[in-house]
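Dear colleague,

Please find the structure below, together with its sequence. My notes on what was found follow it.

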Amino acid sequence: MRQVAKPSKALIAALRSATADLHRVNPWVGLFRFGVLGSIFLSSVVLAWWIGEGWKFWGLSASAGFFYAFWLICTHDAVHHTLIGWSWLEELLSRLISWPMFWPFGVYSELHYLHHGWNGSDLRDPERVQWTQEDYQQANPFYRWYVHHQWPVDIFVLGGMGLIVKTFVHGACLRSVRPRLSWQLWLDVSGIVLIHGSLLAVAIAYDVLPRYLLFWLVLERAIGIVVQTRAHLEHYGMWGSTDNYQLTQLYACRNLHVNAFTHWLMGGLNYHAVHHAFSGIPFNQLPEAFRRVQEVLQQHGMPLMSLEGGYFLETWRLSHQPSLIGEANTTDPTGRFEQISLGNSQLS
């Protein structure tokens, strides 16, 4: 794997110094976000079941699903202990809100640490969404078709269950790399079975099982749209490696320009490059960190980080421009690999 020239020690020191005072977590900021999103979700659920029938039930259920997605994104902050700053409470709350949607928080937390270490440099990255040229050339026609239509298939067909299955599979396959995955797999499966066993028992007791199952299907569809879109936008087309971890992350992740409310809903993940380079910075400090990092890069004559359009614009653009990770681009100082556009043709 080609790597660009080693960055100066002064540049790396300046990046770390510029962001050093932004790592303090204000627990009330995180608790407020967690509480507001959770309250909106629970209120939507209560209203949906209180109303009973018709389009209002399904509309409120879908609304609950979308807010549940943003609530679940809070668990990402909890993995890094930047939501509240109290690790025991973050992990407890994350499991309690993840298991009802079959989400294996413990497995995800272990895989996410590997993702942060491997992004841009190791193709075993469990959260890599883009295929390589070699993978594509060795694939059968069905998988080649899938790569051409990956975005709509993942977002609207595979959805939340697709991510859940993918997480469990990676968790089982990478146990030798991160032994704690064995314990987390057992804990997550036990918690999911316990919670869903209880919920199913209640649904059967009140004779609402079919409606209950359809309700959770609506939630899963809505959540899947949000989390799959987020997962693709953060890294698709950005793969690359430099000789420094921070610079690799700054250039191997995508930043998106969004309004303040969307930034709040997404927990600052629109500034994904800064988050990857300095994962201890809480979401409310990421805009300031982005500004400071850009200034340091400019002062040292380095390419600036990406700052692209919003979630809808970039999803539309990238989903219509499927590409593969090709060979190293030897003229790119950011360490990115060549992006091989697939267009509407099949690559031989």
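I begin with a loop. Asp207 is found in the loop between helix 9 (180–205) and helix 10 (209–233), where helices (H or I, at least four residues) and strands (E, at least two) are DSSP runs numbered from the N terminus. At 69% relative accessibility, Asp207 counts as exposed; the terms are buried for under 20% relative accessible area, exposed for over 50%, and partly exposed in between (1.4 Å probe, protein chains only). The phi of Asp207 is near 60°, a positive value in a residue other than glycine. Most residues other than glycine have a negative phi.

Phe102 also has a positive phi, near 65°. This residue lies in the loop between helix 4 (87–98) and helix 5 (105–118), and with 35% relative accessibility Phe102 counts as partly exposed.

The model is predicted, so local features need pLDDT of at least 70 and side-chain atom pairs count only at pLDDT 80 or more, while totals for chains, interfaces and linings use all residues. Residues are numbered from 1 along each chain as its sequence is written, and side-chain values use heavy atoms, with hydrogens and water left out.

Turning to the chain as a whole, its secondary structure comprises 15 helices and 2 strands. A compact globule of 348 residues would have a radius of gyration near 20 Å, and the 21 Å of the chain agrees with this; the radius is taken over C-alpha atoms, and the globule rule is 2.2 Å times the number of residues to the power 0.38. Along the principal axes, the C-alpha atoms fill a box of roughly 65 × 50 × 40 Å. Of the 348 residues, 53% are buried. Among contacts (heavy atoms within 4.5 Å) between residues at least 6 apart in sequence, 73% join residues at least 24 apart.

The aromatic residues deserve attention. A search of the whole structure finds 20 aromatic pairs. Rings of Phe, Tyr and Trp (its six-membered ring) pair if their centres lie within 6.5 Å; planes under 30 degrees apart count as stacked, over 60 as edge-to-face and the rest as tilted. The rings of Phe41 and Tyr68 have centres 4.3 Å apart and planes at 45°, so this pair is tilted. Because Phe41 lies in helix 2 (residues 27–51) and Tyr68 in helix 3 (residues 54–79), the pair ties together parts that are 27 residues apart in sequence. Phe41 is buried, at 7% relative accessible area, and Tyr68 is buried, at 2%. Trp103 and Tyr108 form a tilted pair, with 5.4 Å from centre to centre and 50° between the planes; both residues are buried. One aromatic cluster is formed by Trp49, Phe57, Trp58, Tyr212, Phe215 and Trp216.

Two further buried residues show what surrounds a side chain. Leu286, in helix 14 (residues 286–299), has a relative accessible area of 2%. Leaving aside neighbours within four places in sequence, Leu286 is in contact with Gly268, Tyr271, Val274, His275 and Ile281. Gln246, in helix 11 (residues 245–251), is buried with a relative accessible area of 11%. With neighbours within four places in sequence again left aside, Gln246 is in contact with Ile12, Arg16, Ala277 and Phe278.

Yours sincerely
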